[in-house]
Amino acid sequence: NSIVILGLSPYQMVQVQVSASTSVGEGPRSDLVTGRSNESVPRLLEGITPTPESESVLLISIPSKYNLSIANGIIIRILISIDRYTGDDRQQTIINVNNTFVGCVSQDEEDDETYEIRFSGLAAEVPYNVSVIASTSVGEGVEYLSIIFTQEGLPPAPQNVIANRVDDSTMIVRWNRISIVDAKSHILGYTINYRSNSRRRQTGSKTVGPDEDQAVIDDLQSGVRYSVDVTAATSIGTGSSSDVIVVDPPSGSPDDKGIN
């Protein structure tokens, strides 16, 4: 006879004893038997740290052991790949875990040891894809993927900036987002700078996130012409300004004699 135990996690340890019962009561229990459920592929690995050591060297630290809630079995291989964001210049390193019990620890254990892998001969201000995939005997798990620079740079000026006056107090400013390759870094945000050309001088700015390509400015003076430019920022600092564009007030607005 057999029974199926449901609801277990991958590679979960179970201890089983069997006994028989009659109307009189339960008989003696069998010897304790220990077993595990089947392995599965690993979940997304945690604690991976890519760190630039110089403009040409990237250090990747990976914990040497993972608890079973992540490993879903015994990790036997870790594949680390790095290539340019554009898809060329690929380098790979494989960590083969030979000892059966290296690569996973029990649920409550902690492990501070790490594998340290260095990739050299890299270019500065160039984005690289970092990929880490762990495998059990079942197959490859979820891929860790990150984009990193060995050395970041200042972004160029945003291009194709246009602005449309919606009404007397509002305009919409649009621009082309800067690609990660052209940015030479991770864009943190864009800032729209605007200045009125009037006797009552107004200077303002608005910052939006890195995924935005437009912004609404809604505190404009009535009947006033504005000058507008856009900049992008990275962790290094703010890049150069876009070309300045001039935005006229909508037709029919009250004339401001201070307009240049």
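Predicted model: local features only at pLDDT ≥ 70, side-chain atom pairs only at ≥ 80, totals over all residues.
Helices (H or I, at least four residues) and strands (E, at least two) are DSSP runs, numbered from the N terminus.

Residues are numbered from 1 along each chain as its sequence is written, and side-chain values use heavy atoms, with hydrogens and water left out.

**The whole protein**

Of the 260 residues, 40% count as buried, where buried means under 20% relative accessible area, exposed over 50%, and partly exposed in between (1.4 Å probe, protein chains only). Contact here means heavy atoms within 4.5 Å. Among contacts between residues at least 6 apart in sequence, 64% join residues at least 24 apart.

**First stop: the three-stranded sheet**

Select β12, β13 and β16. They make an open sheet in the order β12-β13-β16, with antiparallel pairing; two strands pair if DSSP finds at least two bridges between them. β12 (159-167) and β16 (214-217) stand at the edges with a single partner strand each, so one side of each has no neighbour in the sheet. From one strand to the next the twist averages 15 degrees, taken from axes that are lines fitted to C-alpha atoms (for helices over the stretch in contact), with angles running from 0 to 180 degrees between N-to-C directions. Now zoom in on β12 and β13 (residues 170-176), which are joined by six bridges. Pick Arg165 and you will find its bridge partner in β13, Met171.

**Second stop: strand β14**

Move to residues 189-196. Is this strand mostly covered or mostly uncovered? Six of the eight residues of β14 are buried, so β14 is mostly covered. On one pairing, β14 meets β17 in the antiparallel sense over eight bridges; select Gly189 to see its partner there, Ala233. β14 also pairs with β15 (residues 203-208), again antiparallel, over six bridges. Thr191 stands opposite Thr207 in β15, and a hairpin of six residues joins β14 to β15.

**Third stop: the aromatic pairs**

Show the rings. Rings of Phe, Tyr and Trp (its six-membered ring) pair if their centres lie within 6.5 Å; planes under 30 degrees apart count as stacked, over 60 as edge-to-face and the rest as tilted. The count comes to two aromatic pairs. Trp175 and Tyr190 form a tilted one, 5.5 Å centre to centre with 50 degrees between the planes. Trp175 is in β13 and Tyr190 in β14, so this pair ties together parts 15 residues apart in sequence. Trp175 is buried at 3% relative accessibility, and Tyr190 at 0%.

Next, select Tyr194 and Tyr226: their ring centres are 6.3 Å apart and their planes at 55 degrees, so this pair is tilted. It links Tyr194 in β14 with Tyr226 in β17, 32 residues apart. Tyr194 is buried at 5%, as is Tyr226 at 0%.

**Last stop: Ser242**

Where does Ser242 lie? Look in the loop between β17 (226-233) and β18 (245-247). Ser242 is buried, with 5% relative accessibility. Its side chain reaches the backbone nitrogen of Val230 at 2.9 Å. Leaving out residues up to four places away in sequence, Ser242 touches Ala157, Pro158, Val161, Asp229 and Val230.

Methods:
Polar contact = N/O pair within 3.5 Å; in protein donor to acceptor, adjacent residues only side chain to side chain.
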